[in-house]
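I opened a new notebook page for this structure. These are my entries on what I looked up.

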Amino acid sequence: MAHPILDLFPAGAAVDPDGTLTIAGCRVDDLARDFGTPAIVVDEASLRARAREYRDALTTRWPNARVVFASKAFPATAVQRVMVEEGLGLDVAGGGELLSALRAGVDPALIVMHGNAKTTEELRIAVEARIGLVVVDNEDDVDRLEQLVPPGVVQRVLVRIVPEVASSTHPHVQTGQVGSKFGLTAAAARILIARIEASPVLDMRGVHAHVGSQIMDPAELAAAVAPLAALGTFPVYDLGGGLGARYTYDDRPASVDEYVGALLAAAQEHLPADAELIIEPGRSMVNGSAFTLYTVTTVKRDARTFVAVDGGMGDNLEAAMYDQRYEAALAGRMHDEDAEDVVVVGRHCESGDVLVDPLRLPAARVGDLLAVPATGAYTHTMANNYNGYRRPPVVFVRDGEARAVIRRETWEDLFGRDA
Ligand code: LLP
């Protein structure tokens with residue numbers, strides 16, 4: 001019988017007769033040999049299929065609409081390039097994501113820039129690159145843009161509002177509630193909109209809202225549409241991102257179709273029929289197309305059975321920061337029977353460095369490969385050098401071929417900024 005965890009891996013996952021996990025025709029033991037562990041492994045076909053699923057779901061039902069990938073969920077140039085090739089635009093938060101979007105070959109007109117604390121330097125890069133939309137979060141953004149936009153040029157902007165929609169996700173990733181640091185409440189937004197409408201260098205295109213992230217119920221996301229509509233009639237409405245992804249056996253996020261259906265039902269009710277709609281999926285676009293491959297470094301059978309791997313908080317902060325639950329499997333022993341309850345821990349110097357707790361596994365041994373599925377979103381993003389950790393590579397697999405699109409950091413990289 002196929003291991004139930006295969007459902008959580010990308011579509012290209014299978015198991016060889018000897019019990020080794022394969023992905024897009026590549027065996028994980030070969031990947032570990034060629035690229036080392038830990039490694040973030042991306043099934044390129046699955047990533048592309050998801051991008052097309054989003055694009056088709058939205059534009060077949062609302063032709064004047066665009067999907068822009070929220071780069072922050074997986075800010076690798078190669079991932080952004082896939083999105084561009086599949087016809088998507090790119091949402092960027094800050095100068096770094098903007099520069100990598102340009103390297104990925106995106107048409108600058110398809111870039112949407114966000115941030116509640118954009119610096120003058122970042123806005124200068126945006127204006128000079130002639131990006132499509134700057135999402136203004138506050139008056140200071142407008143002050144800076146009015147200084148930066150040269151005569152004869154007009155920068156298109158959206159205004160971010162607080163939709164005052166509460167969501168049922170982790171508090172750290174709620175953004176649409178009263179008191180959020182992002183965007184403006186309706187009264188303040190109206191004043192700023194009037195100012196922008198009078199500006200000779202800014203073009204007031206529309207409004208934006210983002211309710212939060214890892215939201216399973218699309219009704220919570222669609223609830224932002226009415227507050228956006230209440231701000232007035234504009235050419236563009238940007239409905240943000242936020243759809244939840246499936247991490248565990250129990251997770252049941254809405255499908256892309258259900259999500260887009262809920263947004264468009266609200267749009268039909270509240271927005272002008274000829275408005276352009278933008279959505280900005282991040283997590284739900286990329287999470288399911290990747291997994292992280294680790295090697296078991298120690299197994300300690302004591303008060304509990306601690307299966308420790310060669311990564312942890314350095315490559316995945318989701319468990320520590322958002323209590324994210326994961327599943328995992330011994331990727332070279334997929335046919336072995338579960339034998340014990342374990343806790344999968346990382347290599348970092350703190351007790352919060354737990355990847356999966358609890359987990360049923362076959363009796364783990366040092367040197368076993370451990371694969372954690374559903375790690376495409378915000379893992380590479382927030383990877384770090386805690387305890388002198390070298391951030392892992394990102395490996396794309398496709399049709400039996402594997403290539404590192406980001407290499408592993410070297411020891412030298414760790415000291416590359418020493419003065
Ligand atoms: N648009 C805006 C303006 C956003 O702020 C975000 C995410 C998105 C789109 C994409 O949302 P998604 O579809 O990925 O839910 N570091 C956290 C996630 C923070 C998300 C912030 N904004 C984590 O690791 O869970």
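This is a predicted model: local features need pLDDT of at least 70, side-chain atom pairs count only at pLDDT 80 or more; totals for chains, interfaces and linings use all residues.

Entry 1. I looked up the residue that the unreviewed UniProt entry annotates as "active site", and the record gives Cys349. I found Cys349 in the loop that runs between strand E16 (340–345) and strand E17 (354–361). Leaving out residues up to four places away in sequence, Cys349 touches Tyr386 and Asn387.

Entry 2. I then turned to the "binding site" feature, which the unreviewed UniProt entry places at Gly242, Glu280, Pro281, Gly282, Arg283 and Tyr378. Of these residues, Gly242, Glu280, Gly282, Arg283 and Tyr378 are included in the lining of the largest pocket.

Entry 3. I took Pro281 from that annotation and located it in the loop between strand E12 (276–279) and helix H11 (283–286). Pro281 counts as buried because its relative accessibility is 1%. Neighbours within four places in sequence aside, I listed its contacts as Tyr54, Val67, Val68, Phe69, Ala70 and Gly241.

Entry 4. Arg283 sits in helix H11. With a relative accessible area of 6%, Arg283 is buried. Which side chain does the side chain of Arg283 meet in a polar contact? I found the side chain of Tyr247, at 2.7 Å. Beyond four places in sequence, Arg283 touches several residues, among them Ala73, Ser213, Gln214, Glu318 and Tyr378.

Entry 5. I stepped back to the protein chain and recorded 14 helices and 20 strands. Its radius of gyration is 22 Å, close to the 22 Å that the globule rule gives for 419 residues, so the chain is as compact as a globular protein of that length. Along the principal axes, the C-alpha atoms fill a box of roughly 70 × 55 × 40 Å. Of the 419 residues, 56% are buried. Among contacts with a separation of 6 or more, 69% are between residues 24 or more positions apart.

Entry 6. I looked at Asp141, which is in helix H6 (residues 139–148). Asp141 is buried, as its relative accessible area is 0%. Its side chain reaches the backbone nitrogen of Asp137 at 2.9 Å. Apart from neighbours within four places in sequence, Asp141 is in contact with Gly115, Lys118, Leu123, Val135 and Val136.

Entry 7. I checked the backbone for cis peptide bonds. The bond from Thr37 to Pro38 is cis, with omega near -10 degrees, and Pro38 lies in the loop between helix H1 (28–35) and strand E4 (39–43). The bond from Asp357 to Pro358 is also cis, with omega near -5 degrees, and I found Pro358 in strand E17.

Entry 8. I ended with positive phi values. Glu164, not a glycine, has phi near 60 degrees; Glu164 is in the loop between strand E9 (155–160) and helix H7 (186–197). At 46% relative accessibility, Glu164 counts as partly exposed. Asp323, not a glycine either, has a positive phi of about 55 degrees. Asp323 is in the loop between helix H12 (318–322) and strand E15 (329–330), and its relative accessible area of 61% makes it exposed.

Terms used
Residues are numbered from 1 along each chain as its sequence is written. Side-chain values use heavy atoms; hydrogens and water are left out. UniProt positions are given in the numbering used here, feature names are shortened, and annotations may be inferred rather than shown by experiment. Helices (H or I, at least four residues) and strands (E, at least two) are DSSP runs, numbered from the N terminus. Contact means heavy atoms within 4.5 Å. On a 1 Å grid over the protein atoms alone, a cavity is a set of points where a 1.4 Å probe fits but cannot get out, and a pocket is an open set with protein on both sides within 12 Å along at least five of seven lines; lining residues have an atom within 4 Å of a point. Buried means under 20% relative accessible area, exposed over 50%, partly exposed in between (1.4 Å probe, protein chains only). A polar contact is a pair of N or O atoms within 3.5 Å; within protein, one must be able to donate a hydrogen and the other to accept it, and residues adjacent in sequence count only if both atoms are side-chain atoms. The radius of gyration is taken over C-alpha atoms; the globule rule is 2.2 Å times the number of residues to the power 0.38.
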